[in-house]
Amino acid sequence: MHFPQKVAVLGAGLTKFMRRAQETPKELAFEAAKMALDEAGLTIDDIDAVVLVTAPDAFDGVHMNGEYLADGAGGSKKPYMRSFVGGGSGVFGIINGWYHIASGHFRTCLVVAEEKMSSSMPHPQGTFNAIYDQFTERPLGVNLLWIFSLEMNRYMSVHKVPLETIALVAKKNKKNGLDHPCTQAGIAGDYTVEEIVNSEIMCWPVTRLMVSTVSDGAGALVLASEDFAKKVTDKPIWIEGVGWCLDTSYWTNRDLYYPKYVEYAARMAYDMAGIKDPRKEIHVVEPYDPFAYKELHHLEGLLLADKGEAPKLLEKGFWDRDTETGIPSSPSGGLLGVGNPIAAAGLMKVAEIFWQVKGTAGKRQAKREVKRGLAQAWGDLMQVGTVVILGK
Amino acid sequence: MEFKGKSLKDRDFKEKNILYTDWHVKAHYAWDCGVALSKFFEGLKEGKLYGRSCPECGRVVIPPRMFCELCFKPTDKWVLLKDEGRINTFSVSYVNTDASRREKPNVPAVIEIEGASEGMGILHLVAHPEKIEWENLEEVLSMIKIGTKVKAVWKPSNEREGAITDIKYFVPVKEE
Ligand SMILES: [Zn+2]
């Protein structure tokens, strides 16, 4: 594959993740974008194009929410694009930003992800339910937890994974989240497996502590072409690979135990990055973890573990932040330990890998040397995988 | 690095500690069921489950569609399926559609329908075979598992309206 320009990441920004933010969506977007520009040492005048990701308009109650947000995202009087693939959006936005620059058309692109889920009162459950098929599914009295609990049970049953093992993901991520300066109040913590398994049964096998919370927050990344990046930094972090894939909406016709679309997205990214053996060449990973089992499901889809093996590696500490022989997974704390403002949470995954590769992740920094890392998000009706690989 | 954000509490709205503005919307939609699903729902009215077959890959799919999304060719035949199948996966839900909690759970499941191709499931509910309502998680887990055979329980024919809810639920059945 040849693209006219290599693409570098120059800076990242995040707001705190909050159950209810006082800031408006525009203000949240601005804070994250400003922080990313500051880290890059750039101003909005250096930005040629802007990509925005945020949930469908019904979440915010603002029609043309992308246009509403444009000013806060730095998009006014600039080529501006909004995109959305559910939970996969945060990483998808980076992919969109990547091809703005890889095409050779722009020198720089600011990618902003914003989500304010608290405006939907009392919570956005009703909007979530509208993802189900309106003819064959919604009349049954659906809720969003159903698809996750159905997928989780299928995964657990096919691979015979005990609930206690899956709870270890929540234990790890909620503990990692204690070190994240953006973590939402009350969600990180040092929990025992018993506390997680015995927390309120929401939709068996999903218990309350195995679910990420709804949040408000924003994130941003500044991307630049190789030509531009080399003028402003002597240590650019590169986007080495991108991949994305969408499977059928007929989700009841698929075997949910394995996310094949995540595998396809990962293979696309590995091929582009020239990665032959991801288990050796990926040094840190931020897989999407809106539910505890999802992290394991995704680690397998990313080919970082054989099918059904991610839980066994988890028991051995292979995915721990301080592992020396394994691959640290969600050292940030992820969605379970930091919060889940949907599009912003996906972008956080990329921001964290950027800081990990740069070596500035602070208390979240992996113990082993990190030259390359992978961020992945997932979403829509159990159907989309988005992958970005960053490296030195 | 300094991370921005001012956190509010639910009570800040209730007690009006902050300034806010609110807006209510009542949205109403009506969707015609389209070509494939209209025939499918007509079938449900008669107590029949129809799938649709693809001449290219040979799959019999349910829910039916007028085109095969894999071959990207028109499907060409209606196939009468059985009103029974096997549980592909299930869960035990203590949460209602509006996120309020249920005292007794219900059981959503993906049910692979007999007569359709392998892996062709639909979403529906599984009820207790005698008392309909499930008592608790333990009772559900003692009676059903992945692979359990289930059969549709239909509304009386005069109450059917051509909707997925014409099947009230599925119940586990004993294997011969
Ligand atoms: Zn076909």
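Donors, in the sense used on this tour, are N, O and S atoms within 2.8 Å of the metal. Keep that meaning in mind while you move through the structure, which is a predicted model.

**First stop: the zinc ion**

Select the zinc ion and display the side chains around it: the SG atoms of Cys54(B), Cys57(B), Cys68(B) and Cys71(B) coordinate the metal, at 2.2 to 2.4 Å. If you then follow the chain through these donors, you will find that they are spaced in the pattern C-x2-C-x10-C-x2-C. Turn the view slowly around the metal, and consider why the arrangement of the four donor atoms is called tetrahedral. The angles that these atoms subtend around the zinc ion run from 103 to 114°, and four donors count as tetrahedral if all angles lie between 85 and 135 degrees.

Is Cys54(B) buried or exposed? Its relative accessibility is 4%, and because buried means under 20%, Cys54(B) counts as buried. Cys57(B), by contrast, has a relative accessibility of 35%, so this residue counts as partly exposed.

**Second stop: where chain B meets chain A**

Now colour the two chains separately and select the residues in contact, which are 51 residues from chain B and 48 residues from chain A. The size of an interface is often given as the accessible area lost when the parts come together. Between chain B and chain A the buried area is about 4400 Å², and carbon and sulfur atoms give 64% of that area.

One to select is the pair Asp10(B) and Arg20(A), whose side chains meet in a salt bridge with an N to O distance of 2.4 Å. On the side of chain B that touches chain A, several elements each supply at least two residues, among them α1 (10-14), α2 (34-45) and β10 (121-125) of chain B. Across the interface as a whole, 22 residue pairs are found in polar contact.

Finally, move to chain A and select Ala73(A), which lies in the loop between α3 (65-70) and β3 (80-83) of that chain. Its relative accessibility is 0%, and Ala73(A) therefore counts as buried. Which residues surround it, once neighbours within four places in sequence are left aside? Ala73(A) is in contact with Ala29(A), Val50(A), Leu52(A), Tyr80(A), Leu110(A) and Val112(A).

Methods. Residues numbered from 1 in each chain as written. Chains lettered and ligands numbered in written order. Predicted model: local features only at pLDDT ≥ 70, side-chain atom pairs only at ≥ 80, totals over all residues. Heavy atoms only, no water. Donors = N, O, S within 2.8 Å, 3.2 Å for Na, K, Ca; no water. Tetrahedral: all angles 85-135°; square planar, octahedral: opposite > 155°, others 65-115°. Buried < 20%, exposed > 50% of the residue type's maximum accessible area, 1.4 Å probe, protein only. Contact = heavy atoms within 4.5 Å. Buried area = accessible area lost by both parts, 1.4 Å probe. Salt bridge = Lys/Arg side-chain N within 4 Å of Asp/Glu carboxyl O. Polar contact = N/O pair within 3.5 Å; in protein donor to acceptor, adjacent residues only side chain to side chain. Helix = DSSP H or I, 4+ residues; strand = E, 2+ residues; numbered from the N terminus.
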